[in-house]
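Welcome! Have a look at the picture below, and then we will walk through a few of its parts together.

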Amino acid sequence: MKKSIILSFLLCSGISLLAQSSEEKMLKNIYNSSLTNGKCYPWLEYLSNTIGARLSGSENAEKAVQYTKVQLETLGLDRVYLQEVMVPKWVRGEKETAFILDNKTKIAVPIAALGGSVATSKNGLTAEVIEVQGIEDLKQWGDKIKGKIVFYNRPMDPTFIETFKSYGGCVDQRYAGAKEAAKFGAVGTIVRSMNLRLDDFPHTGAQSYGDLLASEYIPTAAISTNGAELLSKKLKADPSLKFYFKQSCAQMEDVLSYNVVGELKGSEYPNNIMVVGGHLDSWDLADGSHDDGAGVVQSMETLRIFKQIGYRPKNTIRVVLFMNEENGGRGGKKYAELAKENNENHIFALESDSGGFSPRGFSIEADDANFERIQSWKSLFEPYLIHSFVKGGAGADISPLTSSKLVKAGLRPDSQRYFDYHHALNDTFDAVNKRELELGAATMASLLYLIDQNGIIK
């Protein structure tokens, strides 16, 4: 009896070791393919340097749709197609100008209109300034805000090692600051850029007027962190100083755009769908190489790797390049809407939208059983310095997606430098490291492979 138990144990252990050995070899093939024959870096170079900034509704966004569709078609996938989606079209207009008016002297500071903002008058806006540390701080000023420019100057908290927590802790003043200040009679808002370092780059981003009437909208802009520091210092010396800014942005009618979809049909379970993607649009100040050109080309690269190494997935794998994540999320919502209409069964979704830096792991939305299964693969990733497997949000574009049983994951690169570039003029191709980008793509392909082979626990 004891002998049979021992033999059974050894047999099970041997099968487990063989499976692990097979998985180790496959991960090595995946990483080797990305690091020696990768296409994501040249794809990103074209997307960034030839096409450039890709704000939703722009001509460049449509060029990016056509370019990535053609590139996916060259991979020999089973299907490549476009999904129609109506997207907002906001235009920045002329470059913004701003001055601190201090004792009749004008000190220029860098600003950038926030996405969706209205313009100032043609002559610009001049008013006294009230500095606040956040939306809650408005209440203490009350009626004193009327006729003033509200200056939101709450910085990102540097004590968080995970910088996305720092961002989440203060981004509400950018998104809803103008709406809330307008309720108190403010004539404009200036928001400290979401950036942990001190520099001269204003960082744009989406803002919303919520349910305000159009007649109540006020202009709003981001100011660089150096500019914010200077304005705050000047206000302490002279609380009655004035600030001037001018911007000519405008919201246009919605326009037709597309999600780009490429598909490898599953050999055993074609009706089970696994999604990998990033967002094709970017802000207009730069070419958006980290946000989210990196995620786009990494997602494309996962299918190129599978084709090159001859791996045929059991489940259908789709790469989806979503349009309009930055100022509306229309692409992710449309994909989820169509998936529901078509009764599609999605079992896994993976997103890359945190920059092209060295991968560190994944944030995972799953029940305990599936989370523990993914964690059990940690030893397979550790040779590639992938060590962080945590529960958390997976990504904005896959968040609307639902299914009867669905596991979601987001690639987690090192985040320390991400907000140096996020939504700013310096988010350009030269800020992306080729090897780090390729490591991220291989890491994504590896998780897709392991989910495809082992399935999810239902």
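Let's begin with helix H10, which covers residues 330–341: its 12 residues should span 16 Å at 1.5 Å a residue, and this agrees with its end C-alpha atoms, which are 16 Å apart. Keep in mind that you are looking at a predicted model.

- Which residues of H10 are buried? They are Gly331, Gly332, Tyr335, Ala336 and Ala339.
- On the face of H10 turned away from the buried side, you will find the exposed residues Lys340 and Glu341.
- What do the buried residues of H10 pack against? Their partners are strand S1 (79–87), strand S12 (255–264), strand S13 (269–279), strand S14 (315–322) and strand S15 (345–351).
- After H10 comes asparagine 343, and its phi is positive, near 55 degrees.

**Histidine 279, in strand S13**

- Histidine 279 belongs to strand S13, one of the strands that the buried residues of H10 pack against.
- Is histidine 279 buried or exposed? Its relative accessibility is 0%, so histidine 279 counts as buried.
- The side chain of histidine 279 makes a polar contact of 3.2 Å with the side chain of glutamate 325.
- Another polar contact, also of 3.2 Å, links the side chains of histidine 279 and aspartate 353.
- If you set aside neighbours within four places in sequence, the residues in contact with histidine 279 include Asp291, Asp292, Phe322 and Asp397.

**Arginine 318, in strand S14**

- Arginine 318 is part of strand S14, another strand that packs against the buried residues of H10.
- Arginine 318 has a relative accessible area of 6%, so this residue is buried too.
- Beyond its neighbours within four places in sequence, arginine 318 is in contact with several residues, among them Tyr81, Glu263, Glu344 and His346.
- Tyr335 is also in contact with arginine 318, and you have already met Tyr335 as a buried residue of H10.

**An open sheet of 8 strands**

- Now look for the open sheet, where 8 strands follow the order S4-S3-S10-S6-S7-S8-S9-S5 with mixed pairing.
- Strand S4 (105–108) and strand S5 (111–113) are the edge strands, each pairing on one side only.
- From one strand to the next, the twist averages 35 degrees.
- In general, strands of a sheet pair through backbone hydrogen bonds, either parallel or antiparallel.
- How many bridges join S8 to S9? There are 4 bridges between strand S8 (residues 188–192) and strand S9 (residues 220–223), and the two run parallel.
- Isoleucine 190 has alanine 221 in S9 as its bridge partner, while arginine 192 is partnered with isoleucine 223 in S9.
- S5 and S9 pair in the antiparallel sense, over 3 bridges, and alanine 112 stands opposite alanine 222 in S9.
- S9 is covered on both faces, with Thr220 and Ala222 buried on one side and Ala221 and Ile223 buried on the other.

How values were computed: Residues numbered from 1 in each chain as written. Predicted model: local features only at pLDDT ≥ 70, side-chain atom pairs only at ≥ 80, totals over all residues. Heavy atoms only, no water. Pairing = 2+ DSSP bridges. Axes fitted to C-alpha atoms, helices over the stretch in contact; angles between N-to-C directions. Expected span 1.5 Å × (residues − 1). Buried < 20%, exposed > 50% of the residue type's maximum accessible area, 1.4 Å probe, protein only. Contact = heavy atoms within 4.5 Å. Polar contact = N/O pair within 3.5 Å; in protein donor to acceptor, adjacent residues only side chain to side chain.
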